[in-house]
Amino acid sequence: MKYQIPPGVFDILPEDSKELWRCSHIWNYVESVIRQIALEFGYREIRTPVFEKADLFLRSVGETTDIVSKEMYLFQDKGERLLALRPEGTAPVMRAFIEHGLLNQGQNQKFFYIGPMFRYNRPQAGRYRQHHQFGIEAIGNRSPGQDVEVIAVLYSLLQRLGMNGLDVQINCIGDKSVRDKFEESLKSYLQPHLTELSQDSQKRFETNPLRILDSKEPQDIKIVKNAPPILDFITEENQQHFEKVKDLLTAIGIPFSVNPLLVRGLDYYNEMVFEVMTSGLGAQSSLGGGGRYDGLLKMMGGPDIPASGFGSGIERIIQAMIHQKCSIPEEHRPMVFIIPIGEAASSYSFKLLHQLRDNGISAQMDYTGRKVGKAMQLANQVKARHVLVIGDNELESGMADLKDMDAGTSDKVNLESLVMKRILEEDTTKE
Ligand code: HAM
C-alpha cells in the first residue's frame with residue numbers, strides 16, 4: 001500500500017528543490033527571527049495544547065464564523081468529550097491565562113506563540129488545513145500605544161526578514177453597541193440588493209452581516225463599496241483612540257491606510273483591527289491580522305481587562321520572502337568531513353570526530369570505508385566546508401591536509417595539535 005499525505009497539509013523537509021518554502025532551515029531561520037523580535041518587544045513564550053474542548057472556540061471565536069461553523073476539526077475522545085483541533089491561538093491563551101490565575105503575576109502581560117493551527121477549508125496556494133501561526137497577545141493595556149506596539153511587532157518582523165511593499169490596513173469597528181447600530185443600517189442598505197449577493201453572503205445577511213463587508217466575491221464587492229462606513233457610527237471616545245493610533249503609527253514611520261471595510265473574521269474584536277498584506281501571494285495576501293478584543297476575557301469568565309494581539313501565517317511569510325527574493329542564510333554546513341583509509345585510520349578518525357564534536361565543531365565522517373573518490377562525493381553531498389583524508393602516512397606523521405572545499409586550497413595541520421581546531425573555529429566565526 002502506498003501512503004500519501006492528506007490534502008491541505010505538507011511536510012517540511014531538509015531540502016525541497018521544487019518548493020523552497022518547505023525547507024526546514026528556512027523555517028528555523030524565520031522562527032529564530034520571530035523569537036528575537038518577540039524578546040525585544042517584551043513578549044514571553046506560551047505553549048498551549050493543539051486540542052481544546054470545542055466549546056472554548058464556539059463561545060469565543062463565535063458560532064457563526066466560518067472558522068468555527070464550517071472549518072473546525074471536531075472529534076470525540078474516548079471519555080466522550082467533544083474536542084477541537086485549535087483553529088486559532090487567542091482563545092487558548094485566554095483560557096490558560098484565566099485557568100492559571102496569571103493575573104496575579106501582574107497587570108500587564110505579553111505572550112507569544114508559534115505553532116500549528118487547523119482549519120478544514122478548501123486547500124489552495126497560501127491556504128492549508130494545517131498552517132502555522134506566530135501570534136502575540138498583550139493583556140491588560142488599553143492604550144493606543146499598545147495597539148501600535150502590536151502592529152509594530154508584525155511590521156518589524158517582516159522588515160527584519162527583508163520584506164518590502166507591505167500594506168498595513170487599519171480600521172475601527174467600535175464596541176458592541178456601535179456594531180449593533182451599524183449592523184441595522186448595513187442590513188437596510190443591503191436588503192434591496194439581497195438577491196444580487198453571493199450565496200454565502202445571503203446566508204451571512206442573517207447570521208453575521210458584518211462579514212459581507214470583507215467578502216472576496218466580485219458581486220459582493222460591487223455592492224458593499226457604497227455601504228455606509230462603520231467609521232460613521234463609532235463613538236467620540238473610539239474616534240479619539242483611533243486618531244491617537246494613527247498619530248503613533250505615523251510617528252514611528254509605519255505607513256498605513258484606513259480600510260473601512262476591514263472587519264476581520266472572528267467575533268471577539270472591538271475598536272482597532274488591522275491586517276498586513278503583501279502583493280505576489282495571489283488571493284491569500286494577508287500575512288497577518290488582529291486587533292483589540294477587550295471583552296473576551298470577561299466573556300470567558302475571567303477578569304474584566306482589555307487585550308490585543310495578532311496572528312500571522314508563517315507559510316505565507318516564507319512564501320512572500322521567496323517571492324521577494326529576500327536574503328535567507330544558507331543551511332548549516334558541516335565544518336569538516338573526515339575520510340579514513342584503512343582500519344587503523346578508521347579507529348583514529350572516529351575518536352578525532354568525537355573530539356571535534358565535543359569542542360563544538362560540526363563534523364562527519366565516512367563510516368563505511370568507501371574509496372576516497374566516493375567518500376569525496378559524500379562530502380560534497382553534505383556540503384562539507386573542509387575535508388580531512390587520513391591514511392597510514394598521516395597516522396605516522398601526525399600531519400594531514402585540511403582541504404577547504406570552497407577555496408580549493410589546503411592547509412597542512414597537525415592532527416594532535418590545536419592548529420586544526422583553530423582553523424575550523426575561525427571559519428565558524430566567518431559564517
Ligand atoms: P486569522 O486572521 O484568522 O486571525 O489568522 C491569522 C493569520 O493566519 C492570517 O492572516 C494568515 O496569515 C494565517 N492563516 C489563517 N488561516 C490560514 C490557512 N488556512 N492557511 C494558511 N495561513 C492561514 C486569528 O487567527 C486570530 N487569532 C489573530 C489574533 C490574535 N487576533 C488577536 N490575537
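Tutor: Contact here means heavy atoms within 4.5 Å. The model is predicted.

Student: Which residues in H1 meet residues in H11?

Tutor: On the H11 side, the residues are Ile-314, Glu-315, Ile-318, Met-321 and Ile-322. The contact of H1 with H11 divides into nine nonpolar residues, no polar and one charged. The residues in H1 are Ile-26, Trp-27, Tyr-29, Val-30 and Ile-34.

Student: How is H1 oriented to H11, roughly parallel or roughly perpendicular?

Tutor: The axes of helix H1 (residues 24–40) and helix H11 (residues 314–323) come within 11 Å and cross at roughly 110°. Angles of 65 to 115 degrees count as roughly perpendicular. Therefore H1 is, relative to H11, roughly perpendicular.

Student: Which polar side-chain atom lies 2.6 Å from a nitrogen atom of the ligand?

Tutor: His-131 has a polar side-chain atom 3.4 Å from a ligand nitrogen atom. For Leu-287, a backbone N or O atom lies 3.3 Å from an oxygen atom of the ligand. The 2.6 Å distance to a ligand nitrogen belongs to a polar side-chain atom of Glu-88.

Student: What share of the ligand's accessible area does the protein cover?

Tutor: On its own, the ligand has 660 Å² of accessible area. The share of this that the protein covers is 95%.

Student: Which strands each supply at least two residues of the shell around the ligand?

Tutor: There are 29 residues around the ligand, with Glu-88, Glu-137, Arg-264, Tyr-269 and Ser-286 coming nearest. The shell divides into 10 nonpolar, 13 polar and six charged residues. The strands that each supply at least two shell residues are S6 (130–139), S10 (286–292) and S11 (307–313).

Conventions
Residues numbered from 1 in each chain as written. Predicted model: local features only at pLDDT ≥ 70, side-chain atom pairs only at ≥ 80, totals over all residues. Heavy atoms only, no water. Near = heavy atom within 4 Å. Polar contact = N/O pair within 3.5 Å; in protein donor to acceptor, adjacent residues only side chain to side chain. Areas by Shrake-Rupley, 256 points an atom, 1.4 Å probe, with all protein chains shown as cover. Helix = DSSP H or I, 4+ residues; strand = E, 2+ residues; numbered from the N terminus. Nonpolar A, V, L, I, M, F, W, Y, C, P; charged D, E, K, R; others polar. Axes fitted to C-alpha atoms, helices over the stretch in contact; angles between N-to-C directions. Parallel < 35°, antiparallel > 145°, perpendicular 65-115°, else oblique.
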